[in-house]
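Here is a quick tour for anyone opening this structure for the first time. Have a look at the sequence and the model, then read on.

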Amino acid sequence: MSEKTLYIEIFQPFAQYRNPFTFYYAQSYPLPPKSTLIGMLQNATNDFYGHKFGIENWWSLKTSIHGGFETVFWNYQQMIKGEIAIGDVGLINKHDRNPLGKTWHPLYHSAITAQRTPVYQQELFNGHIHVFLRGNKEILEKIESSLNVPNKVLYLGRSEDVVFVKKAEFVDGVENTAKKSLWLTYPTYIRKEIRHENGERKEFPMKNQKYPVYSIPVCVLFLNDGTPVKNKAEITKKTERKVSFDTVVYTGFDYVVKLSESITYEEFQINGKKFRIISEFGWL
């Protein structure tokens with residue numbers, strides 16, 4: 001409770017947080033994963049690869065994500081590789097793996113009727129997202145100032161998924177105990193288990209028999225021979241994208257978590273909204 005907690009309220013008209021474990025259609029996670037959120041915050045603070053404030057400090061930020069979207073829809077879409085331009089014959093395209101060579105060709109050619117099969121893309125509409133951050137004080141203060149006076153258009157997920165930051169402020173919570181159950185008003189992620197550095201594992205004491213589970217990315221590093229890249233120019237085809245995943249339970253609106261043993265949690269009252277974050281398991 002001695003650490004400061006930064007609260008961020010976001011409105012996002014459209015979003016897709018791509019689940020990389022879906023192949024024949026593009027499923028979206030219901031809420032942004034931690035890695036996507038940290039990427040947006042690094043962009044907001046102009047610390048793109050985390051060297052200014054320290055890579056370890058960025059990824060050790062405790063993150064609790066709440067909220068939801070008004071609806072979900074499916075978009076039947078063809079993804080185009082490479083660059084697109086308008087030429088004398090209409091739309092023209094250039095990309096590295098074009099069998100006709102890395103030059104400009106008509107997008108739809110007699111030899112290339114389509115580059116990729118269209119696939120269904122799951123998209124989210126009108127999102128109200130509430131984020132709690134806890135960790136390095138210097139980073140939190142920089143995030144607060146960068147979000148309250150942004151110097152660029154921010155996005156969360158795809159580059160077209162812009163966000164509007166409604167509020168960023170430091171808040172205090174009140175610690176409580178739940179013995180048999182806990183009512184969560186807004187959807188959130190809860191870690192399925194905690195793995196300590198000494199190898200011990202502790203499962204979340206949940207009695208519910210059925211619940212949705214996702215494997216979400218919680219850390220992404222770009223490495224050249226094991227060394228984190230410092231800027232975009234260092235990224236090549238040999239750069240390793242190292243992703244760490246965590247298994248989480250996704251709770252819906254007005255979700256009651258039934259417990260096999262008592263737990264502690266923090267409660268935050270913000271503009272009439274009540275958010276509850278379960279100790280350890282509620283922080284990613």
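Let's begin with the largest pocket. Four elements, α1, α2, β13 (213-224) and β15 (240-251), each supply at least two residues of its lining. Keep in mind that this is a predicted model. The biggest share of the pocket lining comes from α1, which puts in six residues. In total, 32 residues line the largest pocket, and Ser35, Thr36, Gly157, Phe222 and Arg241 are the ones that lie nearest its centre.

There is a cavity to look at as well. The structure holds one cavity of 30 Å³ or more. Its lining includes Ser64, His66, Tyr189, Arg276 and Gly282. The elements that give two or more residues to that lining are β2 (62-77), β10 (188-191) and β18 (273-278).

Here are the two spaces by volume:

| Space | Volume |
|---|---|
| Largest pocket | about 1,200 Å³ |
| Largest cavity | about 30 Å³ |

Now on to a helix. α3 runs over residues 137-148, so to speak a stretch of 12 residues, and it reaches 17 Å from its first C-alpha to its last, close to the 16 Å expected at 1.5 Å a residue. Which residues of α3 are buried? They are Ile139, Leu140, Ile143, Ser146 and Leu147. These residues sit on the same side of α3, because they cover an arc of only 135° around the axis.

What do the buried residues of α3 pack against? Their partners are β1 (5-15), α1 (34-44), α2 (55-59), β6 (119-134) and β7 (164-171). At the start of α3, Asn136 has a side-chain oxygen that comes to within 3.0 Å of the backbone nitrogen of Glu138.

Is Ser146 buried or exposed? With a relative accessible area of 9%, Ser146 counts as buried, because the cut-off for buried is under 20%. A polar atom of the Ser146 side chain lies 2.8 Å from the backbone oxygen of Lys142. Leaving aside neighbours within four places in sequence, Ser146 is in contact with Ala44 and Thr45.

Key:
Residues numbered from 1 in each chain as written. Predicted model: local features only at pLDDT ≥ 70, side-chain atom pairs only at ≥ 80, totals over all residues. Heavy atoms only, no water. Expected span 1.5 Å × (residues − 1). Buried < 20%, exposed > 50% of the residue type's maximum accessible area, 1.4 Å probe, protein only. Arc of directions from axis to C-beta. Contact = heavy atoms within 4.5 Å. Polar contact = N/O pair within 3.5 Å; in protein donor to acceptor, adjacent residues only side chain to side chain. 1 Å grid on protein atoms, 1.4 Å probe; cavity = no way out; pocket = protein on both sides within 12 Å on 5 of 7 lines; lining within 4 Å. Points joined across faces, edges and corners; volume = space filled by probe spheres on them.
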